[in-house]
Amino acid sequence: MLAVEVEATVGGMDLRVKLPAHPGATVIVGPNGAGKTTLLKCLLGVIPPRRGRIELCGEQLYCSEQRIDVPVGHRQLGYVPQHGALFPHMTVLGNVGFGVRGRKAARDDQAMALLSELGIAHLARRRGRSLSGGEAQRVALCRALAIAPRALLLDEPTAGLDADARPEIRRFLVDRLAKLAIPRVVVSHDLEDARALGGRVVVLESGRVTQVGTVADLQQRPATPFIERFAGTAQPMPRP
C-alpha cells in the first residue's frame, strides 16, 4: 500500500496532493507543468516536501510531524525516468546490475537472470547508446526491478517512442507490471497508457488533484475541461 499526502513548492509550482492508500497501479495524468514529475521526485526523496507524509507498506518514508525523511538510497523504490536514462557507455548487463549489491560476478548473474525473465537477454552485451527507444525502455524497467523494489515509479514510459514501438512497449509493461505485487505509479500523457496500465487514474492540474477514478469514470463524468479533452469526451466547437 502506498499513501501520500504532501505539499511542496518548486519554483513556481505549488504542489498539494493527497492520495489514499492503494495497493495496485496508479496512473497520474495531467497537462504539462501540472506537477506530475515533481510528485514522483517527492516520492523518491529527491525533492523534500514542505509538509505531509509518505507511507509505504506501513513504513513512513516521510513525515513532517515526526521529522522522518528516509534517504533516497534507503527507500528501495524502483524508478524508470523518461527515455530510460541508461548509462550510454555501459553494457546492458552493467546497467541492470549497477544498483545491485554484492560482488560483480553475483551482480552479473542476477542481472542476466532478470534479463532472461523479461525476454531481453539477447541485449546483454549491447551498449546503452546502441539501443532503440523501445529496447532502452525494456532495459530501464529491468534495471529498476533489479533492486527488488517495494514500489515502482515510471515517468512517461512511452514518451518519445515512435508510433510502431509505443503499443509494443505498452503491452510489455502491462504484462510485466501485472505480475508485480507492489504499488506502481505511472506518469503519462497518454489515454491508452491510462486505460491499459491503471486501475486508478489520478488527474493532476496546477498542482492539485481534480479527479480520481477509472478511465470510464473520467469519460462518463469529466470534472474539468482538461479531463474532457484527455478522455476524448469534449464536444467539437460548432462551425460558424
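Is Phe226 buried or exposed? Let's work up to that and beyond. The model is predicted, so local features need pLDDT of at least 70 and side-chain atom pairs pLDDT 80 or more, while totals for chains, interfaces and linings use all residues. Residues are numbered from 1 along each chain as its sequence is written, and side-chain values use heavy atoms, leaving out hydrogens and water.

**Exercise 1. Classify Phe226 and Phe230, then describe how their rings are arranged.**

Step 1: Recall the scale: buried means under 20% relative accessible area, exposed means over 50%, and partly exposed lies in between (1.4 Å probe, protein chains only).

Step 2: Phe226 has a relative accessible area of 14%, so Phe226 is buried. Phe230 is at 12%, so Phe230 is buried too.

Step 3: Locate them. Both lie in helix 8 (residues 225-231), four residues apart, about one turn of the helix. Helices (H or I, at least four residues) and strands (E, at least two) are DSSP runs, numbered from the N terminus.

Step 4: Apply the ring rule. Rings of Phe, Tyr and Trp (its six-membered ring) pair if their centres lie within 6.5 Å; planes under 30 degrees apart are stacked, over 60 edge-to-face, and the rest tilted. By this rule there are two aromatic pairs. In the pair of Phe226 and Phe230, the centres are 5.9 Å apart and the planes are at 25°, so the pair is stacked.

**Exercise 2. Find out how helix 4 sits in the structure.**

Step 1: Check burial. Eleven of the 13 residues are buried, so helix 4 is largely enclosed by the rest of the structure. Among the buried ones are Gly134, Gln137, Arg138 and Arg143.

Step 2: Look for the cover. It includes strand 7 (77-80), helix 3 (104-117) and helix 5 (165-177).

Step 3: Turn to the core. A nonpolar core is a set of buried Ala, Val, Leu, Ile, Met, Phe, Trp, Tyr and Cys residues joined through side-chain atoms within 4.5 Å. The largest one has 45 residues, and Val139 and Leu141 are among those with the most contacts inside it. Helix 4 (residues 133-145) gives the most to this core, with seven residues.

Step 4: Look at two arginines. Arg138 lies over the face of Phe172, at 5.2 Å from the ring centre, and Arg143 lies over the face of Phe87, at 5.9 Å. The rule asks for CZ of Arg or NZ of Lys within 6 Å of the ring centre and within 35 degrees of the ring normal.

**Exercise 3. Which residues of strand 9 lie on each side, and which strands pair with strand 9?**

Step 1: In a regular strand the side chains alternate between the two faces of the sheet.

Step 2: In strand 9 (residues 184-187), Arg184 and Val186 are on one side, Val185 and Val187 are on the other, and all are buried.

Step 3: Two strands pair if DSSP finds at least two bridges between them. Strand 3 (residues 25-29) pairs with strand 9 in the parallel sense over four bridges, with Arg184 as the bridge partner of Ala25. Strand 8 and strand 9 also pair in the parallel sense over four bridges, and Leu153 stands opposite Val185.

Methods:
Contact = heavy atoms within 4.5 Å.
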